[in-house]
Amino acid sequence: MASLVTAAWPSCAESLPPAEETGECSLEGAVPATVAAVDEDFELLLDDGRCAALAGLDFPPPEMAELRAAIRSRLSSWLSGRDIFLGAFASTGDRWGRTPARIYASSVEGGAAPLASVAAALLSAGEARFRPDPTAAACAKAYLAAEARARDTGVGLWSRPELRPIDASAPGAVDDLKRRKGMIVVVGAIRSVGESRRAFYLNFGDKWRDSFTVVILRRNLAIFGQIEPRSLVGRRARVRGLIETGARIEIATPAEIEFLDGVASH
């Protein structure tokens, strides 16, 4: 059995660059707040009664209770009772009354150290994976860069077989995809592109009926900029999302697909 995540906070925050002062994913517009507690869903309960959600992060699923508890304990030790800066991604709360936000905190009590992104600290320690929430789109690039430190070295959650990326070309990959729950990360080369009146289909295998497929609805194509689906054959990509029927993931934002061959996708 893989060991629990061993990275400690706030040491991982100390290794991160200070939070940017301006830009969409920065301290700009962030306001002071105080964390009263961190709940079982990794949401921050503030002392003024609000609830802030760390948008753009995917934590271990409920069945990994021991791992979730360990991560929550470390996050709580860092933030509970501490002053933070909160940048809301939306002017109103979500349907659960939470404020989707980016959070910044000092690694030293009292704020003697520069403020660091809490999400980036979690991602770089392998204690969370980037989840392409539309609300957190402004931070997608920064969060993916932070995640790369842990993902590329198999640290933390990335050391767990059930959370590692699936190689679309590996034997049994489709069966593996069907068994997985929650957000799934798949890596592979696009072998062919199909289309219908409704959508484009990026097939990651030689036999499309038996391969992993990414679906892009025609109505969402403009969101991906100048991308031309038929030109993607041969491109290597990393895709993340929820499996739907069979072994398909429907994507609707650029953050859900990364091209790994160094060619701009849009």
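1. Phe42 counts as buried in this predicted model, because its relative accessibility comes to 1% and the limit for that class is under 20%. Its ring is stacked with that of Phe59, the two centres lying 4.0 Å apart and the planes standing at 10 degrees to each other. Phe59 is also placed in the buried class, at 13% relative accessibility. The two residues are 17 apart and come from distant parts of the chain: Phe42 belongs to the loop between E1 and strand E2 (44–46), whereas Phe59 belongs to the loop between strand E4 (57–58) and helix H2 (65–79).

2. A search of the whole structure returns three aromatic pairs, and another of them is formed by Phe204 and Phe212. This pair is tilted, with 55 degrees between the planes and 5.1 Å from centre to centre. Phe204 and Phe212 are both buried.

3. Rings also take part in contacts with charged groups. The charged end of Arg102 is found over the ring of Phe89, at 5.5 Å from the centre of that ring. In a second case, Arg129 lies over the face of Trp158, and here the distance to the ring centre is 5.8 Å.

4. How many disulfides does the model hold? The count comes to one, and the link in question joins Cys25 to Cys139, with a distance of 2.0 Å from S to S. The link between Cys25 and Cys139 is right-handed, with 105 degrees about the S-S bond. Cys25 is in the loop between helix H1 (11–14) and strand E1 (31–38), and Cys139 is in the loop between strand E8 (129–130) and helix H4 (140–151), so this pair ties together parts of the chain that are 114 residues apart in sequence. Cys139 is buried, its relative accessibility being 0%.

5. Is Glu127 buried or exposed? Glu127 counts as buried, since its relative accessibility is 0%. The residue is located in the loop between helix H3 (118–124) and E8. There the side chain of Glu127 makes a polar contact with the side chain of Arg74, at 3.1 Å.

6. Four strands build an open sheet with mixed pairing, and their order is E11-E12-E13-E15. Strand E11 (192–195) and strand E15 (248–250) are at the edges, and each of them has a single partner strand, so one side of each is left without a neighbour in the sheet. On average, and with direction ignored, neighbouring strands of this sheet are turned by 25 degrees against each other.

7. Within this sheet, the pairing of E12 and E13 can be described at the level of residues. Strand E12 (residues 199–203) runs in the antiparallel sense to strand E13 (residues 213–217), and five bridges connect the two. Asn203 has Thr213 as its bridge partner in E13. In general, strands of a sheet pair through backbone hydrogen bonds, and the pairing may be parallel or antiparallel.

Methods
Residues numbered from 1 in each chain as written. Predicted model: local features only at pLDDT ≥ 70, side-chain atom pairs only at ≥ 80, totals over all residues. Heavy atoms only, no water. Disulfide = S-S within 2.5 Å. Buried < 20%, exposed > 50% of the residue type's maximum accessible area, 1.4 Å probe, protein only. Phe/Tyr/Trp six-rings, centres within 6.5 Å; stacked < 30°, edge-to-face > 60°. Lys NZ or Arg CZ within 6 Å of the ring centre and 35° of its normal. Pairing = 2+ DSSP bridges. Axes fitted to C-alpha atoms, helices over the stretch in contact; angles between N-to-C directions. Polar contact = N/O pair within 3.5 Å; in protein donor to acceptor, adjacent residues only side chain to side chain.
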